[in-house]
Amino acid sequence: MFPIIDKKVLAPTITRFEIKAPFVARKRRAGNFVMVRVEEGGERIPLTIADGNPAFGTITLIVQAIGGTTKLLCSKNTGDMLLDVVGPLGNPTPIEKHGVVACVGGGVGTAELYPIAKALKEAGNRVLTVIGARSRDLVILEKEMAGCSDESFVTTDDGTYGRKGFVTDQLKDLLDAPGGVNAVYAIGP
């Protein structure tokens, strides 16, 4: 059993969970995921590990409640238990020193992009992040992304926050700028 240490609603239908999973917290790398089963007989779902704290033995999962299992998970609260959290699984994202890197995330894809942007910054890159959502209330992890970036940009489809338009509009401007970008890491919703 894996206890939920903390729960925070980030946006309508999007929730951040801190889960006690010491082995996963020690071994995870950017791009890894876990398989989660909320209760006995339940569906197993893959979730990207958005962050982790090896010292406290916790991992961060960001979940969008769109199906039965994710809705069930998002109904859980601090102190509740998850039956299974298996991982870390998958191949970590290759992290290299490229120089200037653009990290682009749309919607809940920002949660998958966050550990990659952090790792790229730690590898010595100049990190430019672009995150976007349909509207202001759906923008997630803005402070976290800014914290691991040299420059960060926000776009919303409807113009309620940041630049009106899509993340690709901002990316085009970065690619066209003097000095340019050496690599792009992009994850969509």
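Hi everyone. Of the 189 residues in this chain, 48% count as buried. Keep in mind that what we have here is a predicted model.

Let me start with the overall build. The chain holds 5 helices and 12 strands. Its radius of gyration is 17 Å, close to the 16 Å that the globule rule gives for 189 residues, so the chain is as compact as a globular protein of that length. Along the principal axes, the C-alpha trace spans about 55 × 35 × 25 Å.

The accessible surface comes to about 9200 Å², and carbon and sulfur atoms account for 53% of that. On the charge side, there are 22 positive and 21 negative side chains, with the centres of the two sets 4 Å apart.

On to the inside. In soluble globular proteins, nonpolar side chains tend to be buried together. Here the largest nonpolar core has 29 residues, and those touching the most other members are Ile62, Cys103, Ile140, Leu141 and Tyr185. Two or more residues each come from strand 1, strand 8, helix 3, strand 9 and strand 12. Which of them gives the most? That would be helix 3, with 7 residues. There is also a second, separate core of 20 residues, with Ile19, Val24, Ala25 and Val36 among them.

Let's zoom in on Ile62. Leaving aside neighbours within four places in sequence, Ile62 is in contact with several residues, including Leu10, Ala50, Val108, Ile140 and Leu141.

Leu141 sits in the loop between strand 9 and helix 4, and its phi is near 60°, a positive value in a residue other than glycine. Is Leu141 buried or exposed? At 7% relative accessibility, under the 20% cut-off, Leu141 counts as buried.

Thr13 also has a positive phi, near 75°. Thr13 lies in the loop between strand 1 and strand 2, and at 45% relative accessibility it counts as partly exposed.

Pro88 belongs to strand 7. As background, most residues other than glycine have a negative phi, and most peptide bonds are trans.

One last stop: Gln170, in helix 5. Gln170 counts as buried, at 10% relative accessibility. Beyond its sequence neighbours within four places, Gln170 is in contact with Val130, Phe153, Thr155 and Arg163.

Thanks, and I'm happy to take questions!

Terms used:
Residues numbered from 1 in each chain as written. Predicted model: local features only at pLDDT ≥ 70, side-chain atom pairs only at ≥ 80, totals over all residues. Heavy atoms only, no water. Core = buried A, V, L, I, M, F, W, Y, C linked by side-chain atoms within 4.5 Å. Buried < 20%, exposed > 50% of the residue type's maximum accessible area, 1.4 Å probe, protein only. Helix = DSSP H or I, 4+ residues; strand = E, 2+ residues; numbered from the N terminus. Contact = heavy atoms within 4.5 Å. Rg over C-alpha atoms; globule rule 2.2 N^0.38 Å. Areas by Shrake-Rupley, 256 points an atom, 1.4 Å probe, with all protein chains shown as cover. Lys, Arg positive; Asp, Glu negative; His and termini not counted. Charge placed at Lys NZ, Arg CZ, Asp CG, Glu CD.
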